[in-house]
Amino acid sequence: MGTMEHGIIKEARVLAWPLLRQSKIDETDQYVFVEPLLKCKIKFRDYYKSGLMRIPVFQGFLI
C-alpha cells in the first residue's frame, strides 16, 4: 500500500529489527523484502489515484 519513510521511532526500530532480519526473503541493492509478520498502525491523509497511501506515518505495532 506504500512506503513508510518517516515517523518510525527508535524504540520501534529496535523491537522490529530482529524479527525483520529473520523474515528476510530477498534483497536488492535498494530494498529488502520480508515476510509480513508485523502489523502496524499507520496514519495517512488519503490515497493517491494509484491506490498508495498519501504521507503514511507510523503510529505503533498491533499485537
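Rings of Phe, Tyr and Trp (its six-membered ring) form a pair if their centres lie within 6.5 Å. Planes under 30 degrees apart are stacked, planes over 60 are edge-to-face, and the rest are tilted. The model treated here is predicted.

**Exercise 1. Aromatic pairs**

Task: How many aromatic pairs does the rule give, and what is the geometry of F58 and F61?

Solution. 
- Step 1. Apply the rule. The count is 2 aromatic pairs.
- Step 2. Take F58 and F61. Their ring centres are 5.2 Å apart, and their planes meet at 70 degrees.
- Step 3. Check the distance against the cut-off.
- Step 4. Buried means under 20% relative accessible area, exposed over 50%, and partly exposed lies in between. F58 has 8% and therefore counts as buried. F61 has 29%, so F61 is partly exposed.

**Exercise 2. The overall fold**

Task: What helices and strands does the protein have, and in which pattern do they follow along the sequence?

Solution. 
- Step 1. Count the elements. There are 1 helix and 4 strands.
- Step 2. Read along the sequence. The pattern is α-β-β-β-β.
- Step 3. Along the principal axes, the C-alpha atoms fill a box of roughly 35 × 25 × 20 Å.
- Step 4. Look at burial. The protein has 63 residues, and 11% of them count as buried.
- Step 5. Look at contact range. Take contacts between residues at least 6 apart in sequence; 28% of these join residues at least 24 apart.

**Exercise 3. The largest pocket**

Task: What volume does the largest pocket have, and which elements supply at least two residues of its lining?

Solution. 
- Step 1. Start with the volume. The largest pocket holds about 1300 Å³ of space.
- Step 2. Turn to the lining. It consists of 31 residues, and those closest to the pocket centre are G2, M4, L20, V32 and V34.
- Step 3. Assign elements. At least two lining residues each come from α1 (10-22), β2 (32-34), β3 (39-43) and β4 (57-62).
- Step 4. Find the largest share. α1 supplies it, with 7 residues.
- Step 5. The lining has 22 nonpolar, 4 polar and 5 charged residues.

**Exercise 4. S23 and E27**

Task: Is S23 buried or exposed, and is E27 buried or partly exposed?

Solution. 
- Step 1. Read its accessibility. The value is 8%, under the 20% limit, so S23 is buried.
- Step 2. Follow the side chain. S23 reaches the backbone oxygen of L19 at 3.1 Å.
- Step 3. List the contacts beyond four places in sequence. For S23 they are F33, V34, E35 and L37.
- Step 4. Move to E27 in strand β1. Its relative accessibility is 46%, so E27 counts as partly exposed.
- Step 5. Find the partners of E27. Its side chain makes a polar contact of 3.0 Å with that of K24. Beyond four places in sequence, E27 contacts V32 and F33.

**Exercise 5. L62 and I55**

Task: Which residues does L62 contact beyond four places in sequence, and what is phi of I55?

Solution. 
- Step 1. Name its contacts. Beyond four places in sequence, L62 touches K39, C40 and K41.
- Step 2. Relate L62 to M1. The two are 61 residues apart in sequence and 17 Å apart in space, C-alpha to C-alpha.
- Step 3. Phi of I55 is near 55 degrees, a positive value in a residue other than glycine.
- Step 4. At 47% relative accessible area, I55 is partly exposed.

Methods. Residues are numbered from 1 along each chain as its sequence is written. This is a predicted model: local features need pLDDT of at least 70, side-chain atom pairs count only at pLDDT 80 or more; totals for chains, interfaces and linings use all residues. Side-chain values use heavy atoms; hydrogens and water are left out. On a 1 Å grid over the protein atoms alone, a cavity is a set of points where a 1.4 Å probe fits but cannot get out, and a pocket is an open set with protein on both sides within 12 Å along at least five of seven lines; lining residues have an atom within 4 Å of a point. Grid points are joined across faces, edges and corners, and a volume is the space filled by probe spheres set on the points. Ala, Val, Leu, Ile, Met, Phe, Trp, Tyr, Cys and Pro count as nonpolar, Asp, Glu, Lys and Arg as charged, and the others, Gly among them, as polar. Buried means under 20% relative accessible area, exposed over 50%, partly exposed in between (1.4 Å probe, protein chains only). A polar contact is a pair of N or O atoms within 3.5 Å; within protein, one must be able to donate a hydrogen and the other to accept it, and residues adjacent in sequence count only if both atoms are side-chain atoms. Contact means heavy atoms within 4.5 Å.
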